[in-house]
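Q: Could you walk me through a few features here, one at a time, with the general idea before each case?

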Amino acid sequence: MADAAVRPKKPATNKRTPAGGAPTAPHSAAEASEPRIDVAHVTDMLLGTWADTRREAREMIKDPAFWRVEGQPMPEHRERVLAQLHALVDAGGSRRAFPEEYGGKNDNGANLAGFQELVLADPSLQIKSGVQWGLFGSAIYQLGTKEHHDKWLAGVMNLDIPGAFAMTETGHGSDVAAIGTTATYDPETEEFVIHTPFRGAWKDYLGNAALHGKAATVFAQLITGGVNYGVHCFFVPLRDDEGEFLPGIGGEDDGVKGGLNGIDNGRLHFDHVRVPRTNLLNRYGDVAPDGTYSSDIPTPGRRFFTMLGALVQGRVSLDGAATTGTALAEYIAVTYANQRRQFDSGSGTPEVVLLDYGKHQRRLLPRVAQTYAQFFAHDELLKKFDGVFSGEHDTSEEREDLETLAAALKPLSTWNALDTIQECREACGGSGFLAENRLVGLHQDLDVYVTFEGDNNVLLQLVGKRLLSDYAKQFKGKDAAALARIAVGHTAGKVFHGAGLRQLGQSVADFGSTARSVELGLRADQQNELLSGRVQQMIADIAGRLRSASKLPREEAAALFNANQTELIEAARAHAELLQWEAFTDAVNAVSDPGTKQVLTWLRDLFGLSLIEKHLAWYLIHGRLSAQRAGAVSLYFDRLCTRLRPHAQDLVDAFGFAPEHVRAPIASGAELERQKEAAAYYAGLAASGTAPVSEKSLKK
């Protein structure tokens with residue numbers, strides 16, 4: 001598409017005329033005489049259920065003491081972040097998730113909502129606070145019992161006990177069930193012996209391990225009476241008051257990382273370290289003084305996943321923090337693109353604002369739409385999390401749904417963070433590469449989010465297995481007649497999609513243009529059909545290919561699954577995209593203000609069409625879209641970008657960031673002042689009559 005097309009022909013009243021005279025695209029809805037969003041209301045929508053807590057956190061981090069200092073050496077950065085953690089304690093920010101009897105506020109949703117905002121100050125602060133209170137502290141609270149709470153929770157909350165969360169090992173990351181560290185019970189002394197028997201069993205990449213941690217929640221294989229009862233968690237002291245390792249404990253500093261260098265990540269190893277029997281966090285499994293093991297959960301697999309499920313909040317918070325960090329990058333890039341001018345139109349007119357170019361709109365606006373979808377989906381996830389962890393909806397089914405939802409959304413938001421921040425960096429040119437404008441630092445710090453709390457591909461595989469399980473349940477116990485009806489239903493579905501789209505194709509002449517026909521024919525219901533139909537078809541196809549697995553030898557069954565692993569992960573990703581689209585649609589449907597509803601509908605459509613466009617090959621191969629319709633999708637996509645261009649600044653202003661949160665000179669208005677200065681200079685030069693003539697004019 002030619003970039004000139006993004007300066008659409010509009011009535012004269014809708015055109016802007018900058019200094020120098022030539023009209024450009026309207027830069028605001030007011031200039032375009034269009035409905036506007038209610039920015040304050042949309043901010044409330046994006047901040048979600050715990051908007052007050054988010055605002056409280058944002059107000060706190062306006063203090064420069066919380067800000068990342070670009071280029072600060074690692075040792076100083078680490079000490080700065082530790083001091084910031086103490087400031088959080090003084091502000092009461094460490095208490096939200098813990099029980100009231102220990103000085104907490106027992107508000108799980110507010111806890112994560114507040115901590116996620118710290119990414120605006122310094123992602124190292126957000127993650128280090130998550131290590132201390134969201135992982136280390138949460139392990140004690142969620143996996144321990146009252147005895148453990150009485151001993152340690154107060155010290156965790158006030159930072160008297162800085163701690164590490166010692167789950168990941170050098171040799172095993174996402175595969176926690178296979179970790180090598182052991183905790184062998186000695187009934188003679190009523191102690192567990194914590195040991196790392198080989199180098200790959202060292203605990204690794206742990207925040208607070210290199211310097212600040214005085215204790216750790218250590219995950220190890222519990223062995224008693226010669227039986228391995230699987231992975232359990234133990235409270236293990238690490239250092240004395242002088243910061244020296246206790247006997248039998250050693251470690252190393254991970255050193256400089258690709259980002260998050262305000263966190264003292266390190267390695268730990270244990271050489272037959274003894275801890276009391278009561279240091280086992282025994283909510284889900286216990287060992288009696290004589291070594292007898294007991295648990296209310298009879299199967300080791302279920303017990304393992306129950307323990308890990310109690311720690312799901314890490315994935316929930318990463319989904320939210322990645323979304324907020326992405327929104328910050330978009331605010332910087334869109335604001336800059338609304339002010340920065342580059343290249344004239346070829347007729348001697350003033351240079352064009354970057355966001356008037358079609359390519360620039362395509363680079364940024366669909367990503368803004370994606371981030372809106374993430375905000376709305378994250379609020380649903382956070383409400384689900386709060387319902388489970390408050391006890392209000394704490395059932396096995398709700399926990400399973402929470403784990404699946406977190407495993408679906410966290411990969412998409414963290415992958416999108418890297419993609420979007422990089423695109424925003426490039427969209428800002430050389431200015432985007434300057435550390436002071438924050439985009440490079442954001443990308444570095446958020447890079448590891450894609451493997452934090454589980455590698456994204458592994459998480460999506462878990463989601464895919466859940467989808468397969470749910471798909472199989474509809475066939476369980478069905479007789480031949482019922483199975484035949486299901487088969488007919490699937491066939492009817494394919495016919496419906498094909499017939500519906502063929503009928504849509506015949507209406508092109510009635511609508512007058514292909515792009516117009518797609519606009520009218522791919523609204524919410526049709527987007528939903530295409531997105532949900534893709535998930536259903538993918539899962540049905542994979543299930544069909546795996547149907548024989550249960551009858552095959554184990555190795556052949558594993559090979560069959562492995563052959564379908566990529567498709568399963570892609571189906572899970574499609575499912576997560578559908579969840580985000582549905583959350584966006586629910587948010588739009590709840591809006592009453594007509595202008596806000598109209599603009600957010602366009603933005604939702606841009607998100608839906610971006611997903612359909614991304615997967616056009618699949619829709620063509622499976623007959624869900626004709627070639628004509630597929631080509632028209634991109635045309636309507638461009639129409640939506642042009643339509644949303646006047647609303648771009650409103651949409652990113654609605655993220656609700658104050659200058660203290662942004663801290664990027666190119667998004668401060670400085671670029672606009674530079675452009676005004678340049679325009680005034682050239683206007684004055686032209687008025688003086690002393691301006692040089694161009695060489696081209698002499699040849700005419």
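**Reading backbone and helix features**

A: Arg-438 counts as buried because its relative accessibility is 7%, where buried means under 20% relative accessible area, exposed over 50% and partly exposed in between, with a 1.4 Å probe and protein chains only. This is a predicted model, in which local features need pLDDT of at least 70, side-chain atom pairs count only at pLDDT 80 or more, and totals for chains, interfaces and linings use all residues. Residues are numbered from 1 along each chain as its sequence is written, and side-chain values use heavy atoms, leaving out hydrogens and water.

Q: What is the phi of Arg-438 near, and where is Arg-438 found?

A: Most residues other than glycine have a negative phi. Arg-438, though not a glycine, has a positive phi near 75°. Its place is the loop between α11 (429–433) and α12 (439–446); helices here are DSSP runs of H or I with at least four residues, numbered from the N terminus.

Q: And what about the phi of Glu-453?

A: Glu-453 also has a positive phi, near 55°. This residue sits in the loop between α12 and α13 (456–473). With 26% relative accessibility, Glu-453 counts as partly exposed.

Q: How do the axes of helix α19 and helix α20 cross?

A: Two packed helices are described by the angle between their axes and the distance between the axes. The axes are lines fitted to C-alpha atoms over the stretch in contact, with angles from 0 to 180 degrees between N-to-C directions. For α19 (residues 565–589) and α20 (residues 594–614), the axes come within 9 Å and cross at roughly 165°. The two helices are therefore roughly antiparallel; angles under 35 degrees count as roughly parallel, over 145 as roughly antiparallel, 65 to 115 as roughly perpendicular and the rest as oblique.

Q: Which residues make the contact?

A: Contact means heavy atoms within 4.5 Å. Among the residues involved are Trp-581, Phe-584 and Val-588 of α19, and Leu-600, Leu-603 and Phe-607 of α20.

Q: How many residues of α20 are buried, and what do its end C-alpha atoms say about its span?

A: Of the 21 residues in α20, 17 are buried, so the helix is mostly covered. The expected span is 1.5 Å times one less than the number of residues. For α20 that gives 30 Å, which agrees with end C-alpha atoms 30 Å apart.

Q: Finally, is Asp-650 buried or exposed?

A: Asp-650, in helix α23 (residues 648–653), counts as buried at 7% relative accessibility. Leaving aside neighbours within four places in sequence, Asp-650 is in contact with Arg-36, Ile-37 and Val-39.
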